[in-house]
Amino acid sequence: MEEINNIEVVPCNESKYLKPQRLHYSQVSCLCLFVSVSVLIFNTTSHCFVLVKQFRPAVYMNEWEKKKRLSSPSAETTEEEGADAAAPESKEEQSASEGDDGSSPWPPASTGVTYELCAGLVDKPDLSLEEIARQEVLEECGYDVPVSKLRKITSYRSGVGISGAKQTMFYAEVSDDTRVSAGGGEPREGELIEVIKVPLHEAMTFAYNDSIPKTMGVIFGFIWFHNNMSPKYKISTNV
């Protein structure tokens, strides 16, 4: 996750309601508005959930803005001054803004990393949602799950403030015997993914720990499992 580098912030389009910026960095990334799928994966051998960790530019930018606010003196600026402040610093200005100890003005790449469900875009029209979900589990987490073993949980709208795209969540049970690779995604597609396990008995504590950066899909998925599946395993998921 520390392989993110060459970070550069440049102005993006103006908006009456948003002030977007474009983040340049060395890992390939793109914004698409496809329908998507996500998968809540539970390993029945080790009684743990299988999640992924990824670098998310938007999360990193929020942390960058937070650091800027904390390091800048509190003062009101005019609209023009505010526009100037949003512009990227020159290399000389960036060097000057570094601490006396030579520390970087940028937060570490790890501040832009989030815990998420295995997920992917529905960008293959010849495949069903279940088939795409199966491919994502195999590519990102390394488990071979038959399509027949995928259980649909629900569908909902994600990113309603930007794309409003539909996402369908599935549930899949895997085991150590069904793991055929280390996962990690497709590097050729710019994916940098780390596979993470969360023990079942720690799941709800993990879900409600707001110091852990995670998506709403993780929180909802753990709650759904707690309400629908945990009695089957006779293990408490209570906080």
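**The nonpolar core and its strands**

Guide: Let's start with the largest nonpolar core, which has 24 residues, and of these Leu40, Phe49, Leu51, Tyr171, Phe206, Phe222 and Phe225 touch the most other members. A nonpolar core here is a set of buried Ala, Val, Leu, Ile, Met, Phe, Trp, Tyr and Cys residues joined through side-chain atoms within 4.5 Å. Buried means under 20% relative accessible area, exposed means over 50%, and partly exposed is in between (1.4 Å probe, protein chains only).

At least two residues of this core come from each of strand S3 (36-43), strand S4 (48-55), strand S8 (165-174), strand S9 (193-199), helix H5 (203-208) and helix H6 (216-228). H6 gives the largest share, five residues. These labels are DSSP runs numbered from the N terminus: helices are H or I with at least four residues, strands are E with at least two.

Before going on, a word on the model: it is predicted, so local features need pLDDT of at least 70 and side-chain atom pairs count only at pLDDT 80 or more, while totals for chains, interfaces and linings use all residues. Residues are numbered from 1 along each chain as its sequence is written, and side-chain values use heavy atoms, with hydrogens and water left out.

Now zoom in on Phe225. Setting aside neighbours within four places in sequence, Phe225 is in contact (heavy atoms within 4.5 Å) with Leu40, Phe42, Phe49, Tyr171, Leu200, Ser230 and Tyr233. There is also a second, separate core of 17 residues, and Val52, Cys141, Leu150 and Val174 are among them.

Cys118 counts as buried because its relative accessibility is 0%. Although Cys118 and Cys141 are 23 residues apart along the chain, 7.5 Å separates their C-alpha atoms. Beyond its sequence neighbours within four places, Cys118 has contacts that include Val37, Val39, Ile41, Val52 and Cys141.

Back to S8: eight of its 10 residues are buried, so S8 is largely enclosed by the rest of the structure. Two strands pair if DSSP finds at least two bridges between them. S3 and S8 run parallel and are joined by eight bridges, with Val37 partnered by Thr168 of S8. S7 (residues 151-158) pairs with S8 too, in the antiparallel sense over seven bridges, and Lys152 stands opposite Phe170 in S8.

Our last stop is Ser36, in strand S3. With a relative accessible area of 8%, Ser36 is buried.
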